[in-house]
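Visitor: I'd like a close look at one part of this model, please. Pick a spot and talk me through how its pieces pack.

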Amino acid sequence: MDFLGIDIGGTRIKAGLVDDLGNVRRQLAESTPAGLAPFRQAFADLLRRATGDSPLGAAGVACKGIIESDTRVAVIPGVFRFLEGQDLGALVREALGSDLPVYADNDARVALVGEMAWGAARGKRNAVMLTLGTGVGGAALVEGRLLRGRSGVAGHFGHITIDPGGPLCNCGNTGCLETFFSALAIEAEAIASVHRSSESRLTEEFSGGEDRLHCSDVFRLAEEGDEAARSIRDRAIGRLAAAVVGLVHAFDPEVVILGGQISRAGSILLGALSDAVATRTRRLAGGRTPVVLSQLEDPSGIVGAAALARLHVGGAVD
Ligand SMILES: [Zn+2]
């Protein structure tokens, strides 16, 4: 029996069939439309093409923001304002014309469920996940239960305060981790450095072409020895390390898992975080908490969402 995994992302909606062992059997993607009517249309079309005639056990949906897991309603759907108040379960059932059970949750929490089923959190009872992308998402598995909190906000580790005097964040707080370590934050700092005409390869390559500058360029140039890129990268990693050390002290996890596009930025990130965690948690947590990369590759949104569905219909998380 296959599970339908759906990932509603900022730029693309992905849907795919995943078998009981976590293998993706088919996956399709579509650009995310900017309004409810075109979204419904594209969503329905994508889901029908992804499922075909395959018999399904259940469907899982990963979406940014705060998703009421009991009702599958998108309460604060991040950038997708048009999805606010929408029942994601109903949207899926309507698209497929069936009464398939549907489960939905925040995308970072779903990524952790995927790791619990088939990845780095397999067999663990305590784990912390960080998804490092345009923003920073997070989730925690505590004593075998996914932490939700009073209103579903628990695990938003991108909004841990790193510097109370720091920049205003979209959440209303100032100096959140996300304002220092995220693709957007790192790109903004690199662009500012180009505008200051700092003597660097960053300026040479991107002066007048700042809109082409991507976070991965900062990591690439840093690796190649450019001082400006290196200082931006190292400052950002230092702030992320401070947050991870705090999380280790708060949750005492068996593992810290990094997912998202920036987690693949190279061995430097994993090495620097592992060193900081080992050194700075040595007294309380023994410095032994491993920091590892997500074991689910690119389609992790789909795989995690399928794992969420499988979890709810009785598939053991082992
Ligand atoms: Zn924030």
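Guide: Helices here are DSSP runs (H or I, at least four residues; strands are E, at least two), numbered from the N terminus. Leucine 96 sits in one of them, helix H2 (residues 88-96). This is a predicted model, so local features need pLDDT of at least 70 and side-chain atom pairs pLDDT 80 or more, while totals for chains, interfaces and linings use all residues. Numbering starts from 1 along each chain, and side-chain values use heavy atoms, with hydrogens and water left out.

Setting aside neighbours within four places in sequence, leucine 96 is in contact (heavy atoms within 4.5 Å) with Leu4, Leu47, Arg48, Thr51 and Leu56. Take arginine 48: it lies 48 residues from leucine 96 in sequence, yet their C-alpha atoms are 6.2 Å apart in space.

Start with helix H6 (residues 215-223) and helix H7 (residues 227-251), which pack at an angle of about 115° with their axes 8 Å apart (axes are fitted to C-alpha atoms over the stretch in contact, and angles between N-to-C directions run from 0 to 180 degrees). H6 and H7 make a left-handed crossing (near helix turned anticlockwise from the far one by less than a right angle; clockwise is right-handed). H6 brings Val218, Phe219, Leu221, Ala222 and Glu223 to the contact, and H7 answers with Ala229, Arg230, Ile232, Arg233 and Ile237. Sorted by class, that contact of H6 with H7 comes to 7 nonpolar, no polar and 3 charged residues (Ala, Val, Leu, Ile, Met, Phe, Trp, Tyr, Cys and Pro are nonpolar, Asp, Glu, Lys and Arg charged, the others polar).

H7 has another partner in helix H4 (residues 183-195), with axes 10 Å apart and an angle of about 150°. Here the crossing of H4 and H7 is right-handed. Ile186, Glu189, Ala190 and Ser193 of H4 touch Ala228, Ile232, Arg235 and Ala236 of H7. In class terms, the contact of H4 with H7 has 5 nonpolar, 1 polar and 2 charged residues. Ile232 of H7 turns up here, and Ile232 is also on the list of residues that meet H6.

That leaves H4 and H6, whose axes come within 8 Å and cross at roughly 65°. The H4 and H6 crossing is left-handed. From H4 come Ala183, Ile186, Glu187 and Ala190; from H6 come Cys215, Val218 and Phe219. The tally for H4 with H6 is 6 nonpolar, no polar and 1 charged residues. Ile186 and Ala190 of H4 meet H6, and Ile186 and Ala190 also meet H7. Likewise, Val218 and Phe219 of H6 touch H4, and Val218 and Phe219 are listed against H7 too.
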